[in-house]
Structures are given as structure tokens and as C-alpha cells.
Amino acid sequence: MATISIEHASKSFGSTKVLKDISLDVKDGEFLVLLGASGCGKSTLLNIIAGLEPMADGTIRLDGEVVNDVHPKNRDIAMVFQSYALYPNMTVERNIAFGLEMRKISKAERKATVREVASTLQIEHLLSRKPSQLSGGQRQRVAMGRALVRRPKIFLFDEPLSNLDAKLRGEMRTEIKKLHQTLKATMVYVTHDQIEAMTLADRIAIMKDGEIQQIGTPQEIYSKPANMYVAGFVGAPPMNFVEVDLVKREEQLGAILPAVLKGEPVDHFLPLPNSKHLEARENTKVILGLRPEIITDSTSTHSSAPEIECDVEFLEPTGADTLCIIRLNGHPAKARVSPLFACPPGESMRFTLDTHRACLFDPTTEQAIT
Amino acid sequence: MAEPKTLPGANGKRHLLGRLFIWTLLLAAAVLYLGPIYVVLSTSLKDLAEIRAGALLDLPHELNFTAWREAWSSACIGVRCEGLRPYFLNSVIMSVPSVAISTLIGALSGYALSLFRFRGANIIFALMLFGCFIPFQIVILPMAQTLGFLGVANSITGLIVVHTIYGISFTTLFFRNYYVSVPQELVRAATMDGAGFFRIFWHIMLPLSVPIIVVSVIWQFTQVWNEFLFGASFTSGGSQPVTVALNNLINSTTSVKQYNVDMAAALIAAAPTLVVYIIAGRFFVRGLTAGAVKG
């Protein structure tokens, strides 16, 4: 059992507020990812959970017990650092065993536990080496081993994969996920990589300027972003934002989407499904958020969704899909189509817009309209 | 890596001229530095008759160590005719603890100042740096009073105290600047592992510090061993360090100036710093490469 509960945490370095009144609950056995650009305060929040940095204000509870003044070593938390922070003068074995050594666990028991962890991580053959004799991926494993060996109730990860190359990162991601499933421990993971966040998390907390923008499952974050920052941060390529007019035509509320066909501007009327919420906003401007996969070629979809025809300016083939750059309301937007149906650049093609999956945002507050 | 020899124009005439210039300069510098050492060494191996008969730069006829023996154990300093030996031992007894204690304190305070950035750490560091710029002469009088107050005036212990205190500024500077480049995450990781201030220092920081320990030891040993003013001011008679004894030996010769004994005594007094440099210097290079751990 290990839950984390943070209430109204705030912290500043000098005059800059790094955390502004953060409240957050992590359930037992949950994998929570703190996602955000650098400088958003996510690492500071992690350090506060670890006890490595004090907070100016607020309460932190582990398993319901207030631990504001509990020393990091007594919180039963292990942490994996971005630079791995292996002790350069010690062998891998001693690196892993150091935490146990400090906790006065007998030599024989230490040795047995280290062997066990090493075999889980497949680093048994490295035990007698020094960190300088290891590759990046091996160091990463040792750093994980150092955290695992103490069997803590909470694991903290501070961008643990950011120093690895793309292939190793993918492998380690899978391992961490596997580890979480076998250990069923509570884990908090800091990253700026949205793929890591999406693949690993039970829930993601997106942070910006010391504030949590949204907490939710990866699917919620992706399909129902709370605001334009979240919508733009998650997803690659990012969501297209188009400013549109909301109008009513023949009792149907919809958006006027200006596009370009054969060099001439044309306006498309897009009927919007969730009309009830939007009645009040009739004849105002809203921001329409369309993920690239929402705009797709009409040929491969058989739906009643609205279609538009417009010019394709460029193509960006990515292999599995081809991205068509089209122009919506004067700004380039990306549409994800099957490579089989992508038209050559400069010509025009028909796209289907799945308006059920479109997002709408208020142009001034940038919050989602729900 | 570009091999310098294969670079275009690397073997031209201008290159050769440049080389010749550099070699000439180096040779001149070497002669300038080694000349006096040659004279001292060769004179110490001659007897007085040979010194009087021959020229300054002549090689000794034979390897005659009589003067060395005399300087070590029987030359007269004042009224005592025991050579430099007792004073040499004084210097050893004085240097070893001074070097060890000041290096250890420097390591501890450098570690505290760089990796535990407490409030005011930088101000304290700046104040400690002042110590590096205080000339010996300024502190002689207050130091003499302090030593008297502590009851260690006119003793080797007193000199140990003085040299330790004086050395802390330098050793702190060395260690602090070395530890600044040690990643903070290492301390954080050890904290999470349950190690406290001293355990982190002992188990993690000190083993990483071999190169800077060697630097500190070489520096401190050279300073303490070669120091004359404090030794001359705060001790007398039997507790004087070798530098003061050397001065007295050369000044207290009664009848004939025994150049060979003086030279041998000078070499004996200078030998330890040289030995420390040769031995520790090797570890220094080794320590540097061992400390080059990436990440």
C-alpha cells in the first residue's frame, strides 16, 4: 500500500514561483507521469515527494501520514536519476548494495538480494565492473537496480531515459512497464517526452509554469484536452487549430471552415454534433481543434461525416501514413491520409472530417468548450 | 583526430625554423635552471682542497660523500654538533600532521561549501579565500600571543597549529573548486540511499578526490616544509625546523667556510619536497585519469 497525496504545494526559487498551489493524488499501485516542457516544475515536484527539497507551503502525505518533515531516507522511496548518479568509485554490486549497506543489512543478505535484482535486470555479468566500464543502457539498468533492491513502496523516476538513444529508450520503456506490472508499486515518472508519457502512464498530469493543466488517463488527455496548451503539447504532429465562425444554417449549428480549392478560397460548412453547448456561442468565433487523423482521405472511410475538397500544398510521407499540408483559414494544417490515396502536391483531393472527434476551444481563455 | 604531421604545410622550412627556435629556448631555460643545481651537487661531492684548487664548474674527481655525512650527523649548529638530523626530524614531525589535518579539513569544508549549498555558503567561502592573501608577516605578532595563550609557544605543536590554520584557506579553495564539478545528483542519490553528511563524504566524495588530495598534499607539504619565517619566529633551539637549522648551520661556521658541507646540507633540506613531488606527481597523473569518469 502506498498512496501519495499532495495538497496546496507551492515553492519558489527567489522571486520565480516554480510550483503554484499544486494538489495531486496518486493511488496505490498507480503509474503517474508528470509531463511538461523543461522548467515547468515537474522535477521540483518530484524532489518534494522524495524529500530532497522542502516546500514553502502545503502538505504531503504518504499513506495518509504527513511527511513534510520526514527525512528522505525514512520515506521508503527510491529514485532513479537522469544522470543515473552511480557512485563512480564503487563496483556495480556495491552501487546496488549501498542503500542496504547504509541500512545495516548483513553482508550475506545484501549479496543475495543484489544477485536477485541483477538477474531480474539481466546485469549479473556486470556486477564486478565500475560504472565507467558500462554503456549508457547498462548504467541505466544499474540505476534501476539500485532503486529496486530496497523494495521501496514508491518509485520516482526523473527523466530516466533521456540520455539513451531512441532504440534503447524504447526497450527500457517496455522494461519499466513490465516492472510496474510485476511489482505493482506506486510510481511517479517525470518526462518531457509525450510518447513515454502516453505509453507508460495510468494517468498523466500535464504541467506548465508550476501549475497542473490537466490530469487524466492518456486517452482522456489525448481526446479531451482541457485546454489548447494540453492539446498542442500532446500528439505528434500536433493538433491543428483553426479559428472559425459558429453559425446556424437550416437549424443546424456548424462552423464555417475557409479552405482553398484550385487556388480560389471556398467556405465549407461543418455541422457540429454537440450543438446544445454551443447554442449560446452562435455567431461568435471559436477555435476548432482537429488532430491530423481527424482529417483523412474520403476514399478509405465510409462514414456520413462531412467532407471538404481542397488543394494539397505539400506532402510529408512518414511511411505508414502520409501527411498532406492543406490551408485552412489561411494557416497550414496537416491531414493524415493513407499513402495509397495521397494526391500529388498542387492538386486537390477530398477529405473527410470526423467532427465527432473535433475539439472546440474558447479563443480568449483557450479552455475547452464542453 | 588530425595527425599534426600530416597536416598540409606541417613539414615546410618555416616549421623547421620554428622548431629550432623552440628547442633553443627550451635548452637555454634548462641550462638556466639546472646550472645552480649542478654547482651545488658537484660542490657537495668535493672536499675542501678540491674546491679551493679547481674551478666552480669542474666535475668532482670522485664521489666523496664525507660532506653529506657531516651535514647529516656531525656539523655544528650553534653549540650542538649533531648535524641536521634532529632538525630534519622536527620538520617531518611538523609537516606530516600539518599537511594531513589541513587537507582533511579543507576536503570537509570544500565538500560542505560546494555540495550542501546552505545559506551564506558563498560569503563564508569568500571570507576563507581572504586567508590565501594574508602575508605571513602580518600575523606573526598576534599568532605569537595566541600560541602563548594556548601554551604551545616555542614548540613543534605550535608550528603544527600555525601551519594547519594557514593551510586551510588554500586546501578549502582546492577542494571546493574540485567538488563544484561533482554532480549534485550523486549526493541526492546517496541521500535517498540513506547516507548522511559524513558517510557521503567518506564513502563517495573522498574516493573521488585522489587527484585533488595529491594537489593539496604537494602544495601543503612544499609550503610547510620550506617555510622559514614562522619556524624562526615561534621556535628556538632544539625544536627548530630544518630550514632554520640550515640557516644557522651556514651562519655559525667558525673557522673555515665549509662550502661542501653547506651545499650538502642545502640539498638534504630540499630533498623531501622533491621526493614528495616525484612520488605524488606520478599518482597525480594516475589520479587524473582514474577520475575521468564520464557521466
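## A walk through chains B and A

Start with H5(B) and H7(B), which are oblique to each other. Here angles under 35 degrees count as roughly parallel, over 145 as roughly antiparallel, 65 to 115 as roughly perpendicular, and the rest as oblique. Before you click on, note that this is a predicted model, in which local features need pLDDT of at least 70 and side-chain atom pairs count only at pLDDT 80 or more, while totals for chains, interfaces and linings use all residues. Residues are numbered from 1 along each chain as its sequence is written, chains are lettered from A, and ligands are numbered from 1, both in the order in which they are written.

**Stop 1: two crossing helices in chain B**

Select residues 121-130 for H5(B) and 156-179 for H7(B). Helices and strands are DSSP runs numbered from the N terminus (helices are H or I with at least four residues, strands are E with at least two). The two axes come within 8 Å and cross at roughly 135°. An axis is a line fitted to C-alpha atoms, for helices over the stretch in contact, and angles run from 0 to 180 degrees between N-to-C directions. The crossing of H5(B) and H7(B) is left-handed. That word applies if the near helix is turned anticlockwise from the far one by less than a right angle; clockwise would be right-handed.

Now show Phe125(B), Met128(B) and Leu129(B) on H5(B); they meet Ser169(B), Thr172(B), Leu173(B) and Arg176(B) on H7(B). Residues are in contact if their C-beta atoms, placed from the backbone, lie within 7 Å. Sorted by class, this contact has four nonpolar, two polar and one charged residues. (Ala, Val, Leu, Ile, Met, Phe, Trp, Tyr, Cys and Pro count as nonpolar; Asp, Glu, Lys and Arg as charged; the others, Gly among them, as polar.)

**Stop 2: the two domains of chain B**

Colour 12-64 of chain B as domain 1 and 85-290 as domain 2. These bounds come from an automatic or database domain assignment. Their C-alpha centres lie 33 Å apart. Where they meet, eight residues of domain 1 of chain B are in contact with eight of domain 2 of chain B. On the domain 1 side, look for helix H1 (13-44) and helix H2 (48-53) of chain B, each supplying at least two residues. H1(B) gives the most to that side, with four residues.

**Stop 3: where chain B touches chain A**

Show both chains together: 17 residues of chain B are in contact with 20 residues of chain A. Highlight helix H8 (184-192) and helix H9 (197-208) of chain B, as each supplies at least two residues of chain B's side. Which helix gives the most to this side? That is H8(B), with six residues. Chain B's side divides into nine nonpolar, three polar and five charged residues.

**Stop 4: a helix pair in chain A**

Move to chain A and select 92-102 (helix H2) and 107-120 (helix H3), which pack at an angle of about 125° with their axes 10 Å apart. That makes H2(A) oblique to H3(A). H2(A) passes H3(A) in a right-handed crossing. Glu93(A), Ile96(A), Ala97(A), Leu100(A) and Glu101(A) make the contact from H2(A), with Arg110(A), Thr113(A), Val114(A) and Val117(A) from H3(A).

**Stop 5: the strands of chain A**

Strands of a sheet pair through backbone hydrogen bonds, either parallel or antiparallel. Two strands pair if DSSP finds at least two bridges between them. Switch to cartoon view and trace the open sheet of six strands, S6-S7-S8-S3-S9-S10 (chain A), where the pairing is mixed. Which strands are at the edges? They are S6 (77-80) and S10 (211-216) of chain A, each pairing on one side only. Neighbouring strands of this sheet are turned by 15° against each other on average, direction ignored.

Zoom in on S9 (203-208) of chain A, which is antiparallel to S10(A) and joined to it by five bridges.

Then pick S1 (4-13) and S4 (57-62) of chain A, another antiparallel pair with five bridges. Glu7(A) stands opposite Thr59(A) in S4(A). S4(A) also pairs in the antiparallel sense with S5 (65-66) of chain A, over two bridges. In the hairpin of S4(A) and S5(A), two residues lie between the strands, and Asp63(A) takes a positive phi near 55°.

**Last stop: the domains of chain A**

Colour 4-233 of chain A as domain 1 and 240-361 as domain 2. Their centres, taken over C-alpha atoms, are 40 Å apart. Five residues of domain 1 of chain A are in contact with six of domain 2 of chain A.

Terms used: Two residues are in contact if their C-beta atoms, placed from the backbone, lie within 7 Å.
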